[in-house]
Amino acid sequence: MHTLPLYPHAERLAPLVATRRAYHAYPELSWTEFHTTAKLCEELEQLGFTVTWGEALYEGAPRSGLPPPAALDAAFARASEALGADNRYLPAMKGGFTGLVATLDGASIGPTHGFRFDIDALPIAESDAAGHMPAAAGFRSCNDGVMHACGHDGHLTIGLGFARRLAASRATLRGRVHLFFQPAEEVAGGGAVFARLPQLAEVESFVALHLGIVSERKLICDATWLAARICDVHFSGRASHAGNAPQDGRNALLAACGAVQALYAIPRHSKGASRVNVGKFSSNNANNVVSDAAQFRFEVRGANDEVCSYMHERAIEIIEGAARMNGVQAEVRPVAQFVGADNSEALVNAVAEAARHVGMRDDAGISVSNYLVPASEDATYMARAVQQRGGRSTYLLLAGQTRGGHHNERFDFDEDLLGWGVDLCAQLTGIYSDD
Ligand SMILES: [Zn+2]
Ligand SMILES: [Zn+2]
């Protein structure tokens with residue numbers, strides 16, 4: 001079996017496990033990662049990093065997937081309560097300006113590295129079953145209805161563990177390292193904003209990673225993601241009495257139904273995988289009323305931007321056609337978008353080489369072949385920005401069996417992968433040492 005061995009350095013793993021559990025217990029939804037950001041800022045500043053956080057990161061950039069103001073305020077108040085009203089970091093985040101960039105300069109000149117770690121959680125009520133390890137071990141979510149069910153608590157732990165190593169090895173570090181603790185991945189919000197950061201413009205070598213995803217324990221050095229577009233559709237027609245004057249109505253419900261059926265029949269594209277789904281549909285009319293309004297939300301995905309755009313354009317034609325057939329109006333509003341990004345071969349190989357150096361043997365499931373993850377990720381915006389300026393980037397999977405699966409109330413991952421993650425980042429910046 002070619003699988004990643006258990007991480008062998010127990011003394012390095014223990015603090016990572018403690019960190020992961022502390023952050024797991026306080027999960028926060030996209031754009032409300034106030035407590036998480038403040039705790040990260042505090043430790044990173046203590047370690048000697050230059051930290052940029054709050055509204056200063058945003059410069060007016062549009063934020064997609066922002067929750068309603070009341071939800072932002074409630075999450076902010078909860079974080080204030082937990083951290084104290086005089087917390088140094090919270091005020092600049094009010095209104096959802098979460099996330100941070102931490103920068104450290106080495107003792108001598110060298111390349112500029114960028115690493116991205118996402119930090120948000122999901123609207124899922126975490127299981128309290130005895131078989132769910134975080135519940136049994138006492139670090140289950142204390143924020144009702146919110147859970148780290150995708151492993152982002154692990155990602156930010158790898159970032160923080162790596163930061164501790166960088167701070168301890170500053171004398172041997174060459175060049176500059178930017179750690180991007182990105183908010184709002186789950187709503188395709190933070191990646192596009194962070195892609196505009198001046199710190200990212202300096203990055204020559206960019207790495208993002210995810211835990212789990214694939215059940216076999218292995219390191220995938222070249223993972224790519226589906227491009228995706230999510231839109232809301234509103235059909236508006238004319239109401240009339242369904243018995244007395246159906247001929248006077250313009251049926252929005254019928255148009256929406258026709259559109260949904262036809263969306264699933266878009267022909268495949270020869271240049272890669274595609275997906276379409278309608279997950280939400282509503283029309284609130286009495287049985288005796290010809291529907292004057294109907295709406296649904298749909299998504300299309302593609303193995304690359306070309307396939308995704310093809311799916312989107314065909315979907316728009318279908319929606320417009322369904323509207324015309326029924327004499328109603330259709331309005332399409334974009335909700336979110338994920339772009340695609342390829343990885344740089346040289347960096348893929350450098351990661352594999354680093355993996356061997358830190359003790360993952362070649363027979364231990366190091367993979368340099370491309371793996372297209374059948375899901376979407378907004379780190380692609382950052383990867384693309386780096387590549388457009390001539391830098392290189394790649395996306396890694398620290399793959400392994402997860403309990404419950406991603407986005408499930410029993411989700412959990414193998415905590416020893418955190419050790420491998422930190423070691424890999426350390427080796428990629430030339431500061432790894434065996435002792
Ligand atoms: Zn997720
Ligand atoms: Zn995730």
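This is a predicted model: local features need pLDDT of at least 70, side-chain atom pairs count only at pLDDT 80 or more; totals for chains, interfaces and linings use all residues.
Biologist: Let's begin at the metal. Which residues coordinate the zinc ion (ligand 2)?

Modeller: Read a metal site by its donor atoms. Here they are C150 through SG, H152 through NE2 and H210 through NE2. The distances run from 2.1 to 2.4 Å.

Biologist: What spacing do these donors follow along the chain?

Modeller: The pattern for the zinc ion (ligand 2) is C-x1-H-x57-H.

Biologist: Which residue bridges the two zinc ions?

Modeller: C150 does, joining the zinc ion (ligand 2) to the zinc ion (ligand 1). The ions lie 3.2 Å apart.

Biologist: Are H152 and H210 buried or exposed?

Modeller: Both H152 and H210 are buried.

Biologist: Now helix α5. How do I read a helix?

Modeller: Start with the general rule. An α-helix has 3.6 residues a turn, so residues three or four places apart point the same way. Then check the span. α5 has 17 residues and reaches 24 Å from its first C-alpha to its last. That is close to the 24 Å expected at 1.5 Å a residue.

Biologist: Why is α5 called largely enclosed?

Modeller: Count its buried residues. 13 of the 17 are buried, so α5 is largely enclosed by the rest of the structure.

Biologist: What about R12? Why does R12 count as buried?

Modeller: Compare its accessibility with the cut-off. Buried means under 20% relative accessible area. R12 has 13% relative accessibility, so R12 counts as buried. R12 sits in helix α1, residues 10-24. Distance along the chain is a separate reading. R12 and L57 are 45 residues apart in sequence, and their C-alpha atoms are separated by 32 Å.

Biologist: How do I see the pairing in detail?

Modeller: Take one pair of strands, then one pair of residues. β3 and β4 run parallel over eight bridges. S108 has R174 in β4 as its bridge partner. Next, four bridges join β3 to β5, also in the parallel sense. F115 is partnered by V207 in β5.

Biologist: In which sense do β5 and β14 pair?

Modeller: They pair in the parallel sense, over seven bridges. β14 covers residues 392-399. One bridge to find: A208 with Y395 in β14.

Biologist: What is the order in the open sheet of four strands?

Modeller: It reads β9-β10-β8-β11, and the pairing is antiparallel. β9 (274-282) and β11 (329-338) form the edges. Neighbouring strands are turned by 20° against each other on average, direction ignored.

Biologist: Over how many bridges does β8 pair with β11?

Modeller: Nine, in the antiparallel sense. β8 spans residues 227-236. Follow two residues: I230 stands opposite A336 in β11, and R229 has Q337 as its bridge partner in that strand. With β10, β8 pairs over ten bridges, again antiparallel. There A227 is partnered by G302.

Biologist: Is β8 mostly covered or mostly open?

Modeller: Mostly covered. Seven of its ten residues are buried.

Biologist: Which strands does helix α9 touch?

Modeller: α9, residues 305-326, packs on this sheet and touches β8, β9, β10 and β11. Its direction makes about 160° with that of β10.

Biologist: Which feature does UniProt place at residues 232-305?

Modeller: An unreviewed UniProt entry gives "domain: Peptidase M20 dimerisation" there. Read such a span against the model. Residues 232-305 are 18% helix and 32% strand. The end C-alpha atoms of that span lie 20 Å apart.

Note on methods:
Residues are numbered from 1 along each chain as its sequence is written. Chains are lettered from A and ligands numbered from 1 in the order in which they are written. Side-chain values use heavy atoms; hydrogens and water are left out. Donors are N, O and S atoms within 2.8 Å of the metal (3.2 Å for Na, K and Ca); water is not among the atoms, so sites may look incomplete. Buried means under 20% relative accessible area, exposed over 50%, partly exposed in between (1.4 Å probe, protein chains only). UniProt positions are given in the numbering used here, feature names are shortened, and annotations may be inferred rather than shown by experiment. The expected span of a helix is 1.5 Å times one less than its number of residues. Two strands pair if DSSP finds at least two bridges between them. Axes are lines fitted to C-alpha atoms, for helices over the stretch in contact, and angles run from 0 to 180 degrees between N-to-C directions. Contact means heavy atoms within 4.5 Å.
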